[in-house]
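Me: I'd like to go through this structure with you, starting with the chains and then moving on to the rings. Could you take it step by step?

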Amino acid sequence: MKTESKLQQILDNGQFGVTAEIGPPKHSSSEGMRHHAHMLKEHVDATNITDNQTAIVRLSSIAAGVHILDSGIEPIVQMTCRDRNRIAMQSDLMGAYSLGMRNVLCLSGDHQQFGNHPTSKNVYDVDSMQLIQLLRRMRDEKKFFSGEEIKEHEPRFFIGAVANPFADPFEYRVARLEKKVEAGAEFIQTQCIFDMERFERFMEMVRARGIDERVHILAGVTPLKGWRAAKYIQNNVSGMIVPEELVQRLKSAEDPKKEGVNICVEQIKYIKENIKGVHGVHIMAIAWEEVVPEIVERCGLYPRPKIN
Amino acid sequence: MIIAQQKPVKDIAAMISDCNKVLFVGCAGCVTVCLAGGEKETEILASSLRIMRKLEHKPIETVTFTATRQCDPEYIVALDNMVQEVDAIVSLACGVGVQYLAERFKDKWVVPALDTKFIGGATEHGVWEEKCGLCGDCVLHLTGGICPIIRCSKSILNGPCGGSQYGKCEISKDVDCAWQLIYDRMTALGKLDKLMEIQPPKDWTKSRDGGPRRAVREDVMIG
Amino acid sequence: MPCSGTIDHRVILHAFEDGADGVFVAGCMEGDCHFLKGNIRGKKRVQYVKQILDEIGFGSERVEFFNLSAAQGQRFAEIVKEMTERIMQLGPNPLTSNPDGKEGGIA
Ligand code: SF4
Ligand code: SF4
């Protein structure tokens with residue numbers, strides 16, 4: 001099903017996609033986001049806009065999408081199931097579409113206990129699987145989640161979902177990805193890959209089930225600024241794996257930041273050349289957006305294809 | 001059964017700070033089993049409050065009674081005489097019992113001594129764990145007998161989420177991931193294929209939604 | 001009491017309500033319980049009562065649990081001495097020294 005998403009066109013054309021991520025601020029100014037968007041706009045096909053990531057209250061992802069779009073990048077609006085029931089979800093989705101958003105990424109969302117409002121109540125009226133299904137229903141069947149008809153102007157999003165090859169149970173991760181594709185996901189962004197060997201095993205199973213032929217998989221990568229960041233993720237973030245060698249490599253580097261970028265470039269090149277079934281890369285440079293253009297250029301992914 | 005825990009004595013004391021004679025009503029049902037509001041706990045609480053009030057030079061008189069069940073009108077009738085001369089009633093039952101007392105003794109100040117927490121059971125002596133979220137539309141046949149509604153921190157019906165690692169939930173290394181348990185049990189039962197079915201969004205009208213729910217068995221209704 | 005494990009929270013609380021200045025519960029040595037864990041249960045219960053007494057402002061110092069065997073007459077004497085000294089320092093039970101305090105009714 002064709003949408004107006006440029007990201008979809010690039011991926012459907014068989015070109016290796018590049019996406020990045022912009023996190024909205026904890027205040028009401030768009031300046032920082034616009035600055036980042038201008039910095040990235042020639043180097044990526046689209047950027048994710050996180051939705052109150054790690055359950056910390058931030059400027060709305062849809063409002064941020066307007067600023068990003070206005071700055072010349074196609075936004076991928078993230079929508080978690082944590083904060084909205086199905087009424088608010090549909091309302092926000094239609095609103096986002098009316099504002100020019102064309103891509104949505106469905107996720108469960110981090111539990112509120114990690115954020116700055118741990119005493120709040122989570123919603124989880126629908127889960128990420130069901131959200132994918134429901135987006136499909138709005139677009140393909142022109143129906144609200146309830147089954148009621150959408151008479152006109154149904155939102156027509158390019159529908160994305162996430163996969164985490166580093167969470168458990170490992171074997172079931174591939175099955176669950178397939179379930180998401182069954183539900184209607186058209187592109188997948190993975191959790192940050194640090195353990196390449198595990199990702200390769202994951203992709204092997206993905207190919208064995210032919211999932212890579214049914215969905216566009218974008219491999220998630222993150223440049224690390226130093227060994228402390230690596231260690232932190234290794235010890236504190238559930239569902240992520242950071243091999244000790246990587247920590248050591250950063251630790252012994254003369255210029256850890258430069259080494260972090262080097263590692264990221266190596267990872268992308270490796271994935272692009274050696275792992276079949278990966279259709280693009282998603283660069284999550286957390287609070288380090290300015291480094292993305294360099295990474296993209298060094299990987300030979302610049303210039304980006306032009307889509308009208 | 002219903003699991004409850006006593007509120008801090010200070011909080012209970014504050015609710016009855018202006019009362020001189022108070023009736024403490026325990027319940028011999030669930031809260032006796034979970035050691036929160038049985039006869040013994042009722043007497044301990046009454047004694048504690050007497051000591052506390054005496055230390056404050058505002059002694060309080062107490063009456064204690066433990067009902068067979070506070071969630072049944074027939075068992076609270078016995079309180080009719082006792083409530084006459086007291087200024088307040090402290091209920092050591094779950095929220096249901098407190099409400100039954102408040103409804104029957106309309107002109108009395110009825111307060112809760114317990115926080116009603118969840119329904120579950122004991123995992124060992126002195127430890128209770130939540131097992132059911134009272135969703136009104138049980139799906140345990142789809143999930144290997146493990147409740148995703150209450151045991152998964154996100155009530156996900158198509159889990160596990162990306163935070164599940166080493167068998168634990170993303171919220172804490174002390175909490176099992178319900179979906180890992182479901183996966184393990186379904187694997188053991190040879191029914192993993194069942195987990196490939198996408199479970200549709202839940203119909204929450206059967207759960208906590210718009211007013212109190214009711215259950216009716218017409219065959220046992222009288223009249 | 002046949003075993004310190006049979007001590008009831010209420011007995012200790014009532015003793016204080018009735019004017020006791022101090023209470024100590026003596027259980028057998030740990031590991032020597034005739035009922036396996038009675039003395040450990042007793043100790044935990046005393047701990048719980050201490051918690052309540054602290055919470056309600058009475059203070060937990062007036063109650064204590066000790067382990068000793070029937071053969072340790074000297075140790076018993078020491079404990080009694082220790083406890084008596086402690087109580088002397090604390091003074092009389094505040095519930096009895098309370099000038100306008102009336103006995104609360106127990107149903
Ligand atoms: S599925 Fe619903 S009814 Fe069944 S155990 Fe879970 S919460 Fe209770
Ligand atoms: S880690 Fe498991 S239990 Fe925790 S929220 Fe995710 S699926 Fe649910």
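Predicted model: local features only at pLDDT ≥ 70, side-chain atom pairs only at ≥ 80, totals over all residues.

Me: Which chains have the most contacts, then?
Reply: Two pairs of chains touch, and of these the pair made by chains A and B has the most contacts.

Me: And how is chain B divided?
Reply: Chain B is split into domain 1, covering 2-118, and domain 2, covering 133-210, and the C-alpha centres of these two domains of chain B are 37 Å apart.

Me: Switching to rings: how many aromatic pairs are there over all chains?
Reply: Searching the whole structure gives seven aromatic pairs over all chains. One of them joins A:Y97 and A:F157, with 5.3 Å from centre to centre and 85 degrees between the planes, an edge-to-face arrangement.

Me: Where do A:Y97 and A:F157 lie?
Reply: A:Y97 belongs to helix α4 (residues 86-98) of chain A, while A:F157 is in the loop between α5 (128-140) and β5 (158-163) of chain A, so the pair ties together parts that are 60 residues apart in sequence.

Me: Is A:Y97 buried or exposed?
Reply: A:Y97 is buried, because its relative accessible area is 15% and the cut-off for buried is under 20%. A:F157 is buried as well, with a relative accessible area of 1%.

Me: What about C:F24 and C:F66, how are their planes set?
Reply: The planes of C:F24 and C:F66 are at 85 degrees, with the ring centres 5.6 Å apart, so this pair is edge-to-face. C:F24 sits in strand β1 (residues 23-27) of chain C and C:F66 in strand β2 (residues 63-67) of chain C, which means that the pair ties together parts 42 residues apart in sequence.

Me: Which of the classes does C:F24 count as, buried, exposed or partly exposed?
Reply: C:F24 counts as partly exposed, at 28% relative accessibility, whereas C:F66, at 8% relative accessibility, counts as buried.

Me: Which residues do ring pairs link into a cluster?
Reply: The cluster linked by ring pairs consists of C:F24, C:F66 and C:F76.

Me: Last topic, charges over rings. What lies over the face of A:W227?
Reply: That is A:K251, at 4.1 Å from the ring centre of A:W227.

Key. Residues numbered from 1 in each chain as written. Chains lettered and ligands numbered in written order. Heavy atoms only, no water. Phe/Tyr/Trp six-rings, centres within 6.5 Å; stacked < 30°, edge-to-face > 60°. Helix = DSSP H or I, 4+ residues; strand = E, 2+ residues; numbered from the N terminus. Buried < 20%, exposed > 50% of the residue type's maximum accessible area, 1.4 Å probe, protein only. Lys NZ or Arg CZ within 6 Å of the ring centre and 35° of its normal. Domains from an automatic or database assignment. Contact = heavy atoms within 4.5 Å.
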